[in-house]
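Please consult the sequence and the structure shown here while reading.

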Amino acid sequence: MAAAKKAVLGPLVGAVDQGTSSTRFLVFNSKTAELLSHHQVEIKQEFPREGWVEQDPKEILQSVYECIEKTCEKLGQLNIDISNIKAIGVSNQRETTVVWDKLTGEPLYNAVVWLDLRTQSTVENLYKRIPGNNNFVKSKTGLPLSTYFSAVKLRWLLDNVRKVQKAVEENRALFGTIDSWLIWSLTGGVNGGVHCTDVTNASRTMLFNIHSLEWDKELCDFFGIPMEILPNVRSSSEIYGLMKAGALEGMPISGCLGDQSAALVGQMCFQDGQAKNTYGTGCFLLCNTGHKCVFSEHGLLTTVAYKLGRDKPVYYALEGSVAIAGAVIRWLRDNLGIIKSSEEIEKLAKEVGTSYGCYFVPAFSGLYAPYWEPSARGIICGLTQFTNKCHIAFAALEAVCFQTREILDAMNRDCGIPLSHLQVDGGMTSNKILMQLQADILYIPVVKPSMPETTALGAAVAAGAAEGVGVWSLEPEDLSAVTMEWFEPQINAEESEIRYSTWKKAVMKSMGWVTTQSPESGDPSIFRSLPLGIFIVSSMVMLIGARYISGIP
């Protein structure tokens, strides 16, 4: 019997989307932006101590190879010839820090994840060295001094891990965020791997001057980071190197964007004032501010949005960062066990349609924007004997929406022109209750693309548009129209404001729980978080409440 004829399609582009919770590889048609196939692998997170969050860099790399192989197999089953794939883009969780040995290719420690809080005492000590009238760190980087960013994680590794110290002394160490680790490994590793990053990821290290677009010697000296271990900084769209193994060997890797910048590109937010909100492990609202750096007066970050080519201009963004969004659903699943899968949360919330006065502040890693309050911890408050797991589930979804409202309010104040609607993307947007709640709490329409994989799409666009690839046009008339689903507010403005003001009261109660010197922190050099527990503030009898939350009659 004759072999089935391979389907003939326009040029295809692949995208690695390496997130905090999972790795995916997706393939798009560059002419229509249609998603043709993908594969996903969940990534383990390790919590060796309270407040510590780590991942295995080798597991992450292996998951990328697995996703590429499986997606190529699926394309074969669809009779799509993988030789049509012309380029690969990389999108990644930002700030997560890896140090590896350039001679052996082995990581010298686990990846220290962006959520990790072990560096709080490091941050406090560094703060004391910044002159009160000259915060040169923020003016050069656009970032507040925080456990969130790579420089303090790298400083901790240099201070505490002998293998890292020794490799630096012997000129064997390389540092990078996840994009650098992947690109170096995929382009040959110890056999000529390319050690690079792009401007968007570099801008999240706290070592990068966002004005000159270079590593900054004053910043590196301040944090005590040797500049020779840093990757070369490139644009977000150019050929970095070729794949050296696997089904796509010889394919150029030509796009690289931190995940939130990738989503901004994938949502086609190319104009000054356009914004998007991504719902993943955390929640990230970015607004394109064009060629100018806008510095926030309301707790937002100034960051590099993208630079789509070596000779193309850089674009900047204001960003509101929320640490815990989808992670709260994973916590309800893995730690409390009140759901067996993430999808169940929608069903539980739908059963009651209200939190019944229960509010959940998931400050497991302190509070990010707009508060930047590391002493905060998670609380559930407003509980009664009537409260059950369905109300907790609903309150968890509301928490994601309230946090988005806080960063949207800050962005509106900074920009001066309120957003008329909110473009959204990310895994959680498949939850219709969440999307409707978001519209109600913001009191503006929420607009969701029918193809929600905008982060991967952004990486594919950058790769396909690169000089030397040129299969994806960025001309406005060539960009594919995207079908949108709209969620309109369904409650009155007064009710929305009452719920929001009560949430703000709950946030205030979450603050000040922990300091680095508190008795429960044990070692005073470690800033504790609560991945395995939260404080529950309530008026209920705990035993009865626990039975209700667990659904025990």
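Arg204 is buried, with a relative accessible area of 0%; buried denotes under 20% relative accessible area, exposed over 50%, and partly exposed in between (1.4 Å probe, protein chains only). Glu95 is likewise buried, at a relative accessible area of 2%. The model is predicted, so local features require pLDDT of at least 70 and side-chain atom pairs count only at pLDDT 80 or more, whereas totals for chains, interfaces and linings use all residues. Residues are numbered from 1 along each chain as its sequence is written, and side-chain values use heavy atoms, with hydrogens and water left out.

**Salt bridges**

A salt bridge is a side-chain nitrogen of Lys or Arg within 4 Å of a carboxyl oxygen of Asp or Glu. By this rule the model has 31 salt bridges. Three of them are listed below.

| Pair | N to O distance |
|---|---|
| Arg204 and Glu95 | 2.7 Å |
| Arg172 and Asp101 | 2.4 Å |
| Asp272 and Lys292 | 3.0 Å |

Arg172 lies in the loop between α5 (162-169) and β8 (173-177) and Asp101 in strand β6, so this pair ties together parts 71 residues apart in sequence. Helices (H or I, at least four residues) and strands (E, at least two) are DSSP runs, numbered from the N terminus. Both Arg172 and Asp101 are buried.

Asp272 and Lys292 form a salt bridge. Asp272 belongs to the loop between α9 (259-266) and β15 (275-279), and Lys292 to the loop between β16 (283-290) and β17 (301-306), so the pair connects parts 20 residues apart in sequence. Lys292 counts as partly exposed, at 45% relative accessibility. Salt bridges with shared partners join Arg94, Glu95, Arg204, Asp259 and Glu319 into one network.

An open sheet of 6 strands has the order β3-β2-β1-β5-β14-β13, with mixed pairing; two strands pair if DSSP finds at least two bridges between them. Its edge strands, β3 (35-42) and β13 (237-242), each pair on one side only. The twist averages 25° from one strand to the next, with axes fitted to C-alpha atoms (for helices over the stretch in contact) and angles running from 0 to 180 degrees between N-to-C directions. Strands β13 and β14 (residues 252-258) run antiparallel and are joined by 3 bridges; Leu242 stands opposite Pro252 in β14.

Helix α6 packs on the sheet, touching β1 (12-18), β5 (85-92), β13 and β14, and its direction makes about 145° with that of β5; contact means heavy atoms within 4.5 Å. In helix α6 (residues 178-186), 9 of its 9 residues are buried, including Trp181 and Trp184. Just after α6, Gly188 takes a positive phi of about 130°.
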